[in-house]
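I am opening my notebook on charged side chains. Here is the structure I looked at.

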Amino acid sequence: MTQKVAVLGTGKIGEALLSGMIRAGWAPDQLVVTARRPARAEELRARYGVEAVTNAEAAKIADTLILAVKPQDMSALLDELAPHVAADRLVISAAAGIPTAFFEDRLAEGTAVVRVMPNTPVLVDEGMSVISAGSHATEAHLLRTEEIFNPVGKTLRVPEKHQDAATALSGSGPAYFYFLVEAMTDAGILLGLPRAQAHDLIVQSAIGAAVMLRDSGEHPVKLREAVTSPAGTTINAIRELEKHGVRHALIAALEAARDRSRELASGQG
């Protein structure tokens, strides 16, 4: 690990990456951060022992730049960085909906750009980060990107044309599960359970089901069938879900998320 990495815009996602890299063995002197507020910069310096610099300074000294600002702030950041980013740098974007061409058009000719769509479970080292190479990114650039994101979860490479679908599935995905847990908690209260007990029952069931999906290798249909005995409670619940079109609603919801990601990528606010 001889590279120097800069995290620009060290909010929650940026800090999660920073802490993940340090846990994975990166030395603090290999890392620099930028933050809009001086108090935030000092907080990061005290917590992780890293140097806090300006965006322009980061672009001059770092081999890899992780751009973790909000999508609406990316254009202004690139205007600030462009004069200082040499073509041999790797630029990693963690901003939703912005294609690699947007960066390539604003940076030096030949700059390697990798687009990453992480999701919020990177905050607990259980994230899903979807990686796509820009036109100048090589295998070495993709490996370096995975080296940064693997400590905070899993990574998956996809062609950039699939990034909008990945955003709908995993980028927004945690929100769907939170929505489901919220609804099931309300149902538990309706059935007479205290809120705290209903919450604990559902959350542990969700954790157990997720681990089984991950570790068993079984298709979700098989796992569901194992819980669904003839004329039992589960099949009655499944019948109601099908009756109310829950499967269709989920598909439509993900299509809507994909379409919105496409709109954002095309500059439609």
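Is Arg40 buried or exposed? I looked it up: Arg40 is buried, with a relative accessible area of 12%. I noted the cut-offs: buried means under 20% relative accessible area, exposed over 50%, and partly exposed in between, with a 1.4 Å probe and protein chains only.

I wrote down what I was working with. This is a predicted model, in which local features need pLDDT of at least 70 and side-chain atom pairs count only at pLDDT 80 or more, while totals for chains, interfaces and linings use all residues. Residues are numbered from 1 along each chain as its sequence is written, and side-chain values use heavy atoms, with hydrogens and water left out.

Next I looked up salt bridges (a side-chain nitrogen of Lys or Arg within 4 Å of a carboxyl oxygen of Asp or Glu). I found 18 salt bridges by this rule.

Arg40 forms one with Glu43, and their closest N and O atoms are 3.2 Å apart. Both sit in helix α2 (residues 38-48), three residues apart, so about one helical turn separates them. Helices (H or I, at least four residues) and strands (E, at least two) are DSSP runs, numbered from the N terminus. Glu43 is partly exposed at 31%. I also noted that a network of salt bridges links Glu15, Arg40, Glu43 and Arg47.

Then I checked Arg157 and Glu146, whose closest N and O atoms are 2.7 Å apart in a salt bridge. This pair links distant parts of the chain, with Arg157 in strand β8 (residues 153-157) and Glu146 in helix α6 (residues 139-149). Arg157 is partly exposed at 33%, whereas Glu146 is buried at 14%.
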